[in-house]
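Morning, everyone. Please have the sequence and the model open while I talk.

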Amino acid sequence: MFKSVETPKDVQKWQKRLEDARNQYEKELKNMKKYQEYYEGTREVQPDANRGTTPTKLATNVRNIVYELIESQVDSSIPMPKIRAIHPEDDELAKKMEKFLENKVKTCGLILMNDAEERTVPIVGGDFVRVEWDQRRGLHSEIGDLKVSELHPKKVIPQIGVIDFDEMDYFFIQEVMTKKTVKRVYGEDVSECTNTEEYMTDDIDGAKNNEDLVTVNTAFYRNDEGGVGIFVWCDYVKLLDLDEYEARYLEKCAKCGATMVNGVCPECGSKKSKKAKDEYEDIVDAIEVKVSTGGSRVVGGPEQEPVLDEMGQPVLDELGQPQMTIKRTKKKIPYYRPNIYPIVLRKNITAQNKLLGGSDVDVIIDQQDTIKKLGTKINEKLLKGGSYVTLPKDVDIEKDGEDLNILRLENPAQKQLIDTINLQPNVQNDQNYLEINYSWAKSSLGITDSYQGKYDASATSGTAKQYAINQAAGRLDSKRTLKNEAYAQLYEIMFKFWLAFSDSPSEITSTNSDGSAMHDQLDRKEFLRLDAAGEFYWDDEFIFETDPTSTLMQNREAMWNQTDMKLQSGAFGPVGDLETARAYWTIMKANGYPNASVILNLVEERIEQQKAMAQPQLPEMEGGMPSDLPLM
């Protein structure tokens, strides 16, 4: 808890809001922990609601169907961006944006992030992604770059009673950091702050007892103008307070207000500075700006003006013309502000009146508990079963450690009294009921044996098996739709943050249709526009979607197989023709087939050789006449 005497009032205000929101959200946080434990194979069983009793023992044999069925749904493919321009003059710019965002999929770690989300989303019902602009990232020629990170739902505390992020006045993010990291990022010393177990959100071994770790609380909120503000604190220390989180902030002199240069004011020499919001940027170099009514104009850059004498009259040259001088003009352009929360929610399945979606674990938790009980019962029956030997009363077995043990009988009648009784328990009914519960769980989630790649006796042919897979995929189509929509929102936020904070062109690399590499740049000034009134604005009017064919495009082997089928069907031309081979290997080169470029070069060389051999052989000419004609 914070100390009321030492804690600033604004920290107390936000701390109170966080406590209230967290208390209201506590039930969801406990459910998240329970669902995660089921995925990890907990041996505990839920209390019996009808009897009101709590199980007194743990399961001894767990078939983890929660883990199995969630892993069966993991899709490692990432929906690639598809951007449509609203205005026809922006079509080429939309294509460049697609390539730019495709590059960011690799450089921002979206592949590993997606792998974590594929499990978190079905377990707890959803997951969050946060977009930031990090000045320390980027290539050597770039100043900053996008940073995309996954946020587990237990770290995000929403406003009480609101289930739509766009409608929230504020929400909180709680993250665990080391004290040195806090000092490096925020410039504040938190060495005296305590690590309260109540707000330690990360379930890392030893985290709660590590005095070097603290919980950093971040509040995002809507300001009075509709923009996004941020307030960050740790224990009783305020780390950051910006009313306009997505505005540009510069280090200004605390005395005269000039922009600081290397920590020193160039005007008065003061070293005291403060962060101040900057509304406009100056454009000095000439750039071409599109006009909303059509066409384009060149703005900024040098302009000519007449040279004036002491009286303010133009100075004339030898020809009587006014002498001109070059004047560099500056154009003030407002910085772009996204005015959106920098967070994206990806739901599992839509659930009414809930921030997160429905959890797969919650759907099959009864079947998992029943399977635990049945597994434990089967295990106990089999372990308690065994064999018994009947012997005459006075007969003992001599055991000497050898392969054969000795029975000493007094008469042949005693041999008839020696027998073995096998006590093998019948677990058939238990096994059948266990499999029934497993089938119920799969049916609830829409997963079939064919979808899992198992043997399916109901699918008697390849077509039938594919149909069964498609049926299962159809039931899971809602999850894919929500995944695609979440990635479309993520790409939009990534673009808007780049447009707001990037100060240098971004390098783009892509592949042409012939498989060769293509390099380009994307400059945010390409999005600068002039409206009919002559005012500058930033063009962010694009439709952000995902490409439904991106899964196939990322699977090179599938693309190779599809190309082979097209070749055999004659789509490229007659099989065996060199022109057909050139078209085929051009496509294979574009799809990244190994050594395709080498084979394509060999095919083109053979085509050139054929053309050379097909040309008619003309007699040698000298002086315009055949060489074999007699001289006159």
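Strands here are DSSP runs of E with at least two residues, numbered from the N terminus. This is a predicted model, where local features need pLDDT of at least 70, side-chain atom pairs count only at pLDDT 80 or more, and totals for chains, interfaces and linings use all residues. Residues are numbered from 1 along each chain as its sequence is written, and side-chain values use heavy atoms, without hydrogens and water.

Start with the loop that links strand S6 (213-222) to strand S7 (228-234): Asp 224 sits there. Buried or exposed? Asp 224 is exposed, because its relative accessibility is 79%. The cut-offs: under 20% is buried, over 50% is exposed, and partly exposed lies in between, with a 1.4 Å probe and protein chains only.

Five strands form an open sheet, ordered S4-S5-S6-S7-S8, with antiparallel pairing. Strand S4 (156-157) and strand S8 (237-242) are the edges; each has a single partner strand, so one side of each lacks a neighbour in the sheet. Pairing takes at least two DSSP bridges between two strands. S7 and S8 have five, in the antiparallel sense. Cys 234 has Val 237 in S8 as its bridge partner.

Last stop: Arg 130, in strand S2 (residues 126-134). Arg 130 counts as buried because its relative accessibility is 6%. Its C-alpha atom is 5.8 Å from that of Pro 342, 212 residues apart along the chain.

How values were computed. Helix = DSSP H or I, 4+ residues; strand = E, 2+ residues; numbered from the N terminus.
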